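Dear colleague,

I am passing on the structure below, together with notes on what came out of going through it. Please read the notes with the coordinates open beside them.

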Amino acid sequence: MAGAAAGLATPFLSAPLTAQITPRSFAGRNTIDRGEAATILHVRTAEPVLAITFDDGPHPYHTPHLLDILAERGIRATFFVIGRNAVRYPLILQRMLAEGHEIGNHSWSHPDLHGHSDASVLSQIDRTNQAVVDAVGRPPVLMRPPYGNLYNRHRMLLFETRGMPTVLWSVDPLDWQHPGSAVVTQRIVGRCHRGAVILAHDIHRSTVRAMPATLSGIGERGYRFVTMSELIGWPRWDRRRLRLI
């Protein structure tokens with residue numbers, strides 16, 4: 001995979017709030033020796049920007065509907081896809097890329113990676129990277145472990161061998177519990193903040209139904225949407241020259 005670009009932070013971004021990831025520290029990987037240092041929860045920003053992310057798709061019906069909602073508003077999101085779903089629905093991934101969204105890696109089959117061997121973790125990530133490349137011609141540069149569960153040593157393993165930081169979140173509406181669309185909207189809008197990473201799931205009908213009110217509510221609070229790569233100060237994923245090596 002192409003190496004991380006050093007020194008390309010956008011003017012309004014600085015280091016994420018975990019263990020001080022910056023574009024420079026990504027390039028100087030020998031300065032990072034803990035799994036927390038390869039983890040992103042949210043980002044310090046001087047501007048009112050945030051990233052909304054969606055896990056577990058693509059879903060054959062709900063994800064296209066969500067893409068319609070995003071397109072109507074000119075909003076770009078980040079989709080952490082499951083590899084086997086990417087294989088089933090490559091045309092949806094192609095639409096994501098065409099409309100400026102970012103595609104991240106959410107493992108091949110969505111296991112709890114706690115207790116997995118190094119080889120198993122790498123297989124889950126590598127198979128998904130290949131599935132995304134097969135669909136859209138470029139690999140993900142970010143990964144999110146299922147349930148947010150990944151040992152620190154595996155976070156560092158993926159960061160050091162694949163150049164992929166672990167992306168978690170700072171706003172979680174618990175939409176997988178199906179609290180209802182109004183509750184999902186209330187939780188996200190009420191908790192959003194500068195540099196937030198919002199977690200949601202595009203496999204749930206109630207979540208997708210919540211998005212028009214959610215996106216409008218966030219916008220009314222003065223926030224702008226960016227993709228995860230943009231939030232951490234990297235160039236837009238859909239415009240980078242990337243390849244697997």
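Accessible areas here come from the Shrake-Rupley method with a 1.4 Å probe, and for residues only the protein chains shown count as cover. On that basis the protein exposes about 10000 Å², of which carbon and sulfur atoms supply 50%. Please bear in mind that this is a predicted model, in which local features need pLDDT of at least 70 and side-chain atom pairs count only at pLDDT 80 or more, while totals for chains, interfaces and linings use all residues. Residues are numbered from 1 along each chain as its sequence is written, and side-chain values use heavy atoms, with hydrogens and water left out.

The protein has nine helices and nine strands, taken as DSSP runs numbered from the N terminus (helices H or I, at least four residues; strands E, at least two). Buried residues make up 56% of the 245 residues, where buried means under 20% relative accessible area (1.4 Å probe, protein chains only). Among contacts (heavy atoms within 4.5 Å) between residues at least 6 apart in sequence, 78% join residues at least 24 apart.

Turning to the interior, a nonpolar core is a set of buried Ala, Val, Leu, Ile, Met, Phe, Trp, Tyr and Cys residues joined through side-chain atoms within 4.5 Å. The largest such core has 52 residues, of which Phe79, Ile218 and Met228 touch the most other members. A second, separate core of nine residues includes Leu113, Met143, Leu150 and Leu158.

Phe79 is placed in strand S5 (residues 78-81), and it counts as buried because its relative accessibility is 1%. Leaving out residues up to four places away in sequence, Phe79 touches, among others, Phe54, Leu66, Met96 and Asp202. His101 is also among the residues that Phe79 touches, and the C-alpha atoms of these two, 22 residues apart along the chain, are separated by 7.4 Å. For Ile218, with neighbours within four places in sequence set aside, the contacts include Leu50, Ile188, Val189 and Phe225.

Thr185 lies in helix H7 (residues 181-191) and, at 14% relative accessibility, counts as buried. Beyond residues up to four places away in sequence, Thr185 touches Gly190, Ala210, Ala213 and Thr214.

With best wishes

Terms used. Buried means under 20% relative accessible area, exposed over 50%, partly exposed in between (1.4 Å probe, protein chains only).
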